[in-house]
Every structure is written in structure tokens, then in C-alpha cells.
Amino acid sequence: MVKITYVEHDGERTTVDAQPGESMMKAAVSHGVAGIEAVCGGNCACGTCRIYVDDNWRAKLPSPGESESEMIDFCGDPDPRVRLSCQIAVSEDLDGMEVTLPESQQ
Ligand code: FES
């Protein structure tokens with residue numbers, strides 16, 4: 001199990017036990033994290049699964065692919081830490097990771 005903590009805009013924290021290989025979006029949704037809406041179900045088409053990842057954890061993530069980059073641009077989120085949680089697979093390297101969620105996803 002990989003522990004990941006999602007911190008909602010209002011400060012509410014949820015730590016989940018995620019399975020390696022599942023997406024960070026699925027790990028959040030299956031544990032009732034309200035701030036991950038994931039309207040498109042993980043198809044990189046809605047931008048409602050955004051997370052903010054600080055630099056120390058960003059270094060452990062693969063760079064965003066073309067579709068993720070395009071959707072991030074489309075969303076117009078000005079925060080440089082933004083990623084799409086549906087496009088990030090959980091791995092053991094992410095154990096202890098903490099991410100924050102945008103104000104628009106509550
Ligand atoms: S769930 Fe829609 S873009 Fe991630």
C-alpha cells in the first residue's frame with residue numbers, strides 16, 4: 001500500500017491507502033475525496049481531477065504527456081504545480097506524498 005494525502009482547499013485532509021498501478025484519481029475517488037470530481041472518468045477530458053504537487057514530489061513523477069499538457073493548458077489553471085491525477089499512476093516511490101486540491105474542486 002502507498003499512503004497518499006489529499007488536502008482540500010478548505011484544509012480537510014484525507015490519507016488513503018492506494019494500490020500501485022491505479023491512478024491517483026481512482027485512489028482519491030474510491031476513498032471519497034470530494035475535491036477530485038473526475039467528471040470524465042479518467043479520460044483526460046475534463047480537468048476536474050487537478051492536483052497541486054510540490055517540487056519535492058514532482059521530481060518523482062514522470063513528465064506530463066501531450067494530452068495531459070493540452071488539458072492543463074485548456075483549464076487555464078495558473079498554478080505551476082498543477083497535474084491531472086487521472087494521468088499519474090501510483091507507485092511505491094510516492095509513499096507519503098501529499099497533494100493539495102484547487103479551490104474550484106470542492
Ligand atoms: S478525470 Fe477528467 S481529466 Fe482527469
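**Exercise 1.** Leaving aside its neighbours within four places in sequence, which residues is Ser85 in contact with?

*Solution.* A quick note before the steps: this is a predicted model, where local features need pLDDT of at least 70, side-chain atom pairs count only at pLDDT 80 or more, and totals for chains, interfaces and linings use all residues. Residues are numbered from 1 along each chain as its sequence is written, and side-chain values use heavy atoms, with hydrogens and water left out.

- Step 1: look for contacts, meaning heavy atoms within 4.5 Å. Ser85 touches Ser23, Met24, Met25, Ile36, Cys49 and Ile51.

**Exercise 2.** Is Ser85 buried or exposed?

*Solution.* Buried means under 20% relative accessible area, exposed over 50%, and partly exposed in between (1.4 Å probe, protein chains only). Ser85 comes in at 0%, so call it buried.

**Exercise 3.** How many disulfides does the structure hold?

*Solution.* 

- Step 1: the test is a pair of cysteine sulfur atoms within 2.5 Å. The count comes to zero.
- Step 2: take Cys75, which is in no disulfide; its nearest cysteine sulfur belongs to Cys46, 7.7 Å away.
- Step 3: check accessibility. Cys75 has a relative accessible area of 27%, so it's partly exposed. Cys46 is at 23%, so it also counts as partly exposed.
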